[in-house]
Amino acid sequence: MRPAEPLITPESSYYNYEPSKTARDYWLYPLCAGDFTYQPGYHLERASYDSWLLEVILSGSAEIETEGRSFQARAGDAVLLDCHKPHGYQSAEGWRALWVHFDGLSARGYADMIARRGPVLDHPGTGEARQCIQRLYEMLADPSPDKETEMTLLLTQALTALCRPMEQEKQDSRQTALNAIIAQLNQHPGREPSISEMARQASMSEYHFIRVFSQIIGVTPRQYIIASRMSHARYLLAHTDWTVSAIAAQVGYASESMFCLTFKKTQGLTPTAYRTGREEKT
């Protein structure tokens, strides 16, 4: 979509996104993302906006205003704004930025951790955050339920990169271990490894693994497994003619009734109603 605001160049674009109920209940999720070039003299001032804003300045510079203070952001900096509070940004020279508005269960926790350094960040993790926002922006151009987990992971990765202390090695190794575990959970939704098994794989105690997983990913391992299973189940309901019983077994439920109960609780409707609704739209 092309922005209609004055002093934003015509080649700028953005995409909105409507997250699923699962995302709203459990995950971080994007609401919109864009690649904007702001012309000299651009100015925006808002009392509030119901989300957080993460952006990376690609060129130029901008003055960021929040909580009665002003901060200068230059090319290479990341900016994180709590848009629930009065805020604004402007520039005499103009700037270009990749940005994403986001929300979710752990959004405030991430924002509070990052905000200790202020809203403008000259941080080694900015490059990684930029890559994640770029990928999110590209995915929102062609969204689908199948991509929602990946978008959540990208947003989590971007924020985690900006949370890291300067001595990153230890944190990086944890992220690498969690990424491997998450990849296995997504590839094999019918299997549920024990906490002790995942903790051993990550070289952590069980207590420490649960704490680190929840802190970095934003949900507990159990919540993530359920969300991953429901995402896979939605895909099978929409794209196959498998019975509900077969889908339940494929995503790790020995009991069809337990699968249906969990699906309705997390998705807001039964598997059959979900499939019927999808068929009516096609």
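Q: How far apart are the closest N and O atoms in the salt bridge that Glu192 forms with Arg222?
A: This is a predicted model, in which local features need pLDDT of at least 70, side-chain atom pairs count only at pLDDT 80 or more, and totals for chains, interfaces and linings use all residues. Residues are numbered from 1 along each chain as its sequence is written, and side-chain values use heavy atoms, leaving out hydrogens and water. A salt bridge is a side-chain nitrogen of Lys or Arg within 4 Å of a carboxyl oxygen of Asp or Glu. For Glu192 and Arg222, the closest N and O atoms are separated by 2.8 Å.

Q: How many residues apart are Glu192 and Arg222?
A: Helices are DSSP runs of H or I with at least four residues, strands are runs of E with at least two, and both are numbered from the N terminus. Glu192 sits in the loop between α5 (169-187) and α6 (195-201), whereas Arg222 belongs to helix α8. The pair thus links distant parts of the chain, at a separation of 30 residues.

Q: Is Arg229 buried or exposed?
A: Glu192 also forms a salt bridge with Arg229, the closest N and O atoms being 3.6 Å apart. Buried means under 20% relative accessible area, exposed over 50%, and partly exposed in between (1.4 Å probe, protein chains only). Glu192 is partly exposed because its relative accessible area is 39%. Because its relative accessibility is 4%, Arg229 counts as buried.

Q: At what angle do helix α8 and helix α10 pack?
A: Axes are lines fitted to C-alpha atoms, for helices over the stretch in contact, and angles run from 0 to 180 degrees between N-to-C directions. The axes of α8 (residues 221-239) and α10 (residues 256-267) lie 11 Å apart, and the helices pack at about 100°.

Q: Which residues in α10 do those of α8 meet?
A: Contact means heavy atoms within 4.5 Å. On the α8 side are Ile226, Met230, Ala233, Arg234 and Leu237. Their partners in α10 are Phe259, Thr262, Phe263, Thr266 and Gln267.

Q: Which residues have the most contacts inside the largest nonpolar core?
A: A nonpolar core is a set of buried Ala, Val, Leu, Ile, Met, Phe, Trp, Tyr and Cys residues joined through side-chain atoms within 4.5 Å. The largest has 31 residues. Elements that each supply at least two of its residues include β4 (52-66), β8 (95-104) and α4 (148-163). Those with the most contacts inside this core are Leu54, Phe102 and Leu159.
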